[in-house]
Amino acid sequence: MSTPPAPPFRSGFVTFVGRPNVGKSTLTNALVGEKVAITSDKPQTTRRAIRGILTRPAGQIVIVDTPGIHKPRTLLGQRLNDLVEQVLGDVDVIGFLVPATEKVGPGDRRIAASLDGYPRAAKVAIVTKVDAAGRDDVTERLMEVDSLREDWAAVIPLSAVTDVQLDVLADEILRLLPEGPALYPDDVVTDESLEDRIAEIIREAALEGVRDELPHSIAVTIEEISRREEGNLTDVFANVVVERDSQKAIIIGHRGSRLRDVGARARAQIEPLVGTRVFLKLHVRVAKEWQRDPKHLGRLGF
């Protein structure tokens, strides 16, 4: 008896959409199996289309993690929305996320309806955070989400925190991708540079515990990353950029206590990434209203 031919290898791009803070970055990290996107309880944390890469024997999924879709109030906000639009036009699969813990609202309905603008992509509805909701809530959410569109390729409940049904989602996305070769080598999990990943880790540490108006005002730039010739040590010099002097005071804290905490939290995540101990020097500087200034945005990489 001849063995049946192996199924064709599939590869392509998927992105997750939903209101801010529905768990897009957490889901990206869980699928990839490594932290490639920062997570925060503050909405609008993600600012770039970070690619996470999941390679399996049957295919390769390239996850483009975008900012949440929102009503922009600044030039930065507008550029983030433009980025989402561009990504949505290029992907093979769009996963629409709704948390099991909250009823479907007008924002969800608006985003679900906007997917009409991307006829090329297959659409999958994903109910997240099922670990934090009761069975009745999950059932109700699945019914609400299912009724939002008639063209869902699948409706999948899952938890990125406890890994429930993550494999089901990965299998479904692979099934919907076009046949084609791997786009990245097997051992690559992101196309973010080391510099970008370190800047994002510092920004995540700086976001923890700050008031609502501050997160959008924080940006991080890397001045230098260098390995010392003697000893197992890497020097990292970085700027934490804010928009006002009052924000600078918040980031630094009483006698520098908050900035030290930020440095300690960031260093704990940077060290495994670079494979050595890290000397991290953070400098807080003010760039007035940078979110509204095209020159500042360009310098900060937006």
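User: Which residues touch the most other members of the largest nonpolar core?
Analyst: Happy to start there. This is a predicted model, in which local features need pLDDT of at least 70 and side-chain atom pairs count only at 80 or more, while totals for chains, interfaces and linings use all residues. Residues are numbered from 1 along each chain, and side-chain values use heavy atoms, without hydrogens and water. The core (buried nonpolar residues joined through side-chain atoms within 4.5 Å; buried is under 20% relative accessible area, 1.4 Å probe) has 24 residues, and those touching the most other members are I202, V240, I270, L280 and L282.

User: Which element gives the largest share of this core?
Analyst: The elements giving two or more residues are β7 (219–227), β8 (233–242), α8 (257–274), β9 (277–286) and α6 (194–207). With seven residues, the largest share comes from α6.

User: Which residues does L282 touch, beyond four places in sequence?
Analyst: L282 is among the core members that touch the most others. With contact meaning heavy atoms within 4.5 Å, L282 touches I202, A238, V240, L259, V262 and G263.

User: At what angle do α1 and α5 pack?
Analyst: In α1 (residues 24–32), L27, A30 and L31 meet L166, L169 and A170 of α5 (residues 166–176). The helices are roughly perpendicular (65 to 115 degrees). Their axes lie 11 Å apart, and the angle is about 85 degrees.

User: What pLDDT does the protein chain average?
Analyst: pLDDT is the predictor's confidence in each residue, from 0 to 100. Here 81% of the residues score at least 70, although residues 41–47 stay under 50. The chain average is 83.

Notes
Axes fitted to C-alpha atoms, helices over the stretch in contact; angles between N-to-C directions. Helix = DSSP H or I, 4+ residues; strand = E, 2+ residues; numbered from the N terminus. Parallel < 35°, antiparallel > 145°, perpendicular 65-115°, else oblique. Buried < 20%, exposed > 50% of the residue type's maximum accessible area, 1.4 Å probe, protein only.
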